[in-house]
Number of protein chains: 2
Amino acid sequence: MNVFIIGIGLIGGSMAKDIKRLYPHSTIYGIDSNPSHLEEAMALDLIDVKASYDDLDKANVVIVSIPVDGIVTEIPKILEEINEECVVFDAGSTKATLCKGLEDHPKRRNFLACHPIAGTEFSGPSAAIDQLFQGKTNIICEIEKTAFKLQEKALELFQQMGMRIRYMNPEAHDKHIAYVSHLSHISSFMLGKTVIEKEKNERDIFDMAGSGFESTVRLAKSSPAMWTPIFKQNKENVIETLEEYIQNLEDFRQLLLEDDYRGIYNEMNNTNKIKKILKGIPLNK
Amino acid sequence: MNVFIIGIGLIGGSMAKDIKRLYPHSTIYGIDSNPSHLEEAMALDLIDVKASYDDLDKANVVIVSIPVDGIVTEIPKILEEINEECVVFDAGSTKATLCKGLEDHPKRRNFLACHPIAGTEFSGPSAAIDQLFQGKTNIICEIEKTAFKLQEKALELFQQMGMRIRYMNPEAHDKHIAYVSHLSHISSFMLGKTVIEKEKNERDIFDMAGSGFESTVRLAKSSPAMWTPIFKQNKENVIETLEEYIQNLEDFRQLLLEDDYRGIYNEMNNTNKIKKILKGIPLNK
């Protein structure tokens, strides 16, 4: 099996690790706009061959794991190069713009729109993790637009990687993911900013911050190059979630100003039920 | 050594575990307003004896690890009961109200105001952790108001537990801790609230949420009974940090509305330096 991975970072690199383990006779071709990432992926033995779009005609599977602005512009070009039996899938955090852009593509049936909910705040080939996808959800959009045999091929790979599959339409995906992923990143980045701005003497933060702070600002380490196009493509949903979040913070502030501590207790107590929800989220080992 | 622990939860219970290990000949007396916590602490072997304030005259060390409203009302009473050689310290997340309230107490010199920056989102005796305080910062306020010999006694204990000591005045403590701890909790609780409100079908959250979401809302599992009095006692600082945080979120929203993606990139890129700061925070093993 010839597997092409376009974008050898955290997600592409982790897929490479799984595929090498699950399909030892496969050959993994790497394509990356950053030559040093490609060198690093070779050195880390994530890929077997450095490749280019000219080699795509021999691909059986193409995985596109690049920032979402690149996904939208590159997938039409990739589809032009592949053979009829090849399946192409992405791993981007937005789906509506991509699916809309591909709806009239002559090779639409070779593409499967995917979003594996997996990752860390790190990026690049060295961030790749063994069995990253074990127990994680992979959201697939517009499954019916992909050729049946190519659906089967991709689903077998996902199953071998241990993923749980969930089907959604692209608009529902983008709306829900704004709440459970995109908003968390903004909340974390702005929390980090608020503290850094105030605490110019970084030694003070370092000494007084505990694991709770670390947890809430962990996502503020994420890559701006990856996240800027996500916010751009999902602008409307993100603004809606952000406005609701700001309103809830305003309400909390108002309770404090009014010394309504019973109200504050109730706000926290009602939100404690998040415990039950969080229990179901698989974490990286 | 007779050690009394008032409030056998995460912090008191973890202190008990350390003291049992470090001072095997000590006797640990537990006092808790919740009888089932006291039973649980006995069953978990955190304490040796169930006690009451009437027994406090035989204490060498008293650790007060209860919510901060209780700390303010109980410590004056506890100081009345202890002998002259006994040191009493607390572990509360606010310091100004407490220190102000005790400034004219006849036994002020028997008290040491402490805030060990350690813990998890869990509470109760079963949440106690071995060596929780190893490598963690303990902030001590108004050290000069504690009798020298009693300072020494407490500091030896903290050193044995592996804590790093930092001295601050109570007002500076409350101001800085609002940024690196109290604000994180509000941000997390309100993020949890925003998502729960929107996603009435909890199955959707569960399936689409990843480890990033888990990390940012982890603190929303925290105890409302512990956190309500913290927000009350540190109201002014908390409101200030909250207003700055809301303003930063508003600014981010404005950049999105204006399609200023270069601005959004820069916001995230500037905040990425939090990486360097977070590297220094000791996490629980």
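Two residues are in contact here if their C-beta atoms, placed from the backbone, lie within 7 Å. This tour uses that sense of the word throughout a predicted model.

**Stop 1: the two domains of chain A**

Select residues 2-168 of chain A, which the domain assignment gives as domain 1, and then residues 173-278, given as domain 2. The centres of these two domains, taken over C-alpha atoms, are separated by 31 Å. Where they meet, 14 residues of domain 1 of chain A are in contact with 15 residues of domain 2 of chain A. To find the domain 1 side of this meeting place, colour α3 (68-81), α4 (96-102) and β7 (137-141) of chain A; each of them supplies at least two residues to it. By class, that side of domain 1 has six nonpolar, five polar and three charged residues.

**Stop 2: the sheet of chain A**

Next, display the strands of chain A. Eight of them form an open sheet with mixed pairing, in the order β3-β2-β1-β4-β5-β6-β7-β8. At the edges, select β3 (49-50) and β8 (164-168) of chain A, each of which pairs on one side only.

**Stop 3**

Turn to chain B and display its strands. Chain B has an open sheet of eight strands, ordered β3-β2-β1-β4-β5-β6-β7-β8, with mixed pairing. Strands β3 (49-50) and β8 of chain B each have a single partner strand, so one side of each is left without a neighbour in the sheet. Helix α1 (residues 10-22) of chain B lies across β1 (2-6), β2 (27-31) and β4 (61-64) of chain B, at about 165° to β1(B).

Select β7(B) together with strand β8 (residues 164-168) of chain B: the two run parallel, joined by five bridges. In this pair, Cys141(B) stands opposite Met168(B) of β8(B). Follow the chain from β7(B) through helix α5 (residues 148-160) of chain B to β8(B); this β-α-β crossover is right-handed.

**Stop 4: Leu150(B)**

Remain on helix α5 of chain B and select Leu150(B), which lies in it. Is Leu150(B) buried or exposed? Leu150(B) counts as buried because it has 20 C-beta neighbours inside 10 Å, and the cut-off for a buried residue is 20 or more. Show Val87(B), Asn110(B) and Leu112(B) as well: Leu150(B) touches these residues, not counting residues up to four places away in sequence.

**Stop 5: where the chains meet**

Finally, show both chains. Here 83 residues of chain B are in contact with 83 residues of chain A. Elements of chain B that each supply at least two residues to the side touching chain A include β7 (137-141), α6 (170-198), α10 (235-257) and α11 (261-271).

Note on methods
Residues are numbered from 1 along each chain as its sequence is written. Chains are lettered from A and ligands numbered from 1 in the order in which they are written. This is a predicted model: local features need pLDDT of at least 70, side-chain atom pairs count only at pLDDT 80 or more; totals for chains, interfaces and linings use all residues. Two strands pair if DSSP finds at least two bridges between them. Helices (H or I, at least four residues) and strands (E, at least two) are DSSP runs, numbered from the N terminus. A crossover is right-handed if, with the strands pointing away from the viewer, the path from the first strand over the helix to the second runs clockwise. Domain bounds come from an automatic or database domain assignment. Ala, Val, Leu, Ile, Met, Phe, Trp, Tyr, Cys and Pro count as nonpolar, Asp, Glu, Lys and Arg as charged, and the others, Gly among them, as polar. A residue is buried if 20 or more other C-beta atoms lie within 10 Å of its own, exposed if 12 or fewer, and partly exposed in between; C-beta atoms are placed from the backbone. Axes are lines fitted to C-alpha atoms, for helices over the stretch in contact, and angles run from 0 to 180 degrees between N-to-C directions.
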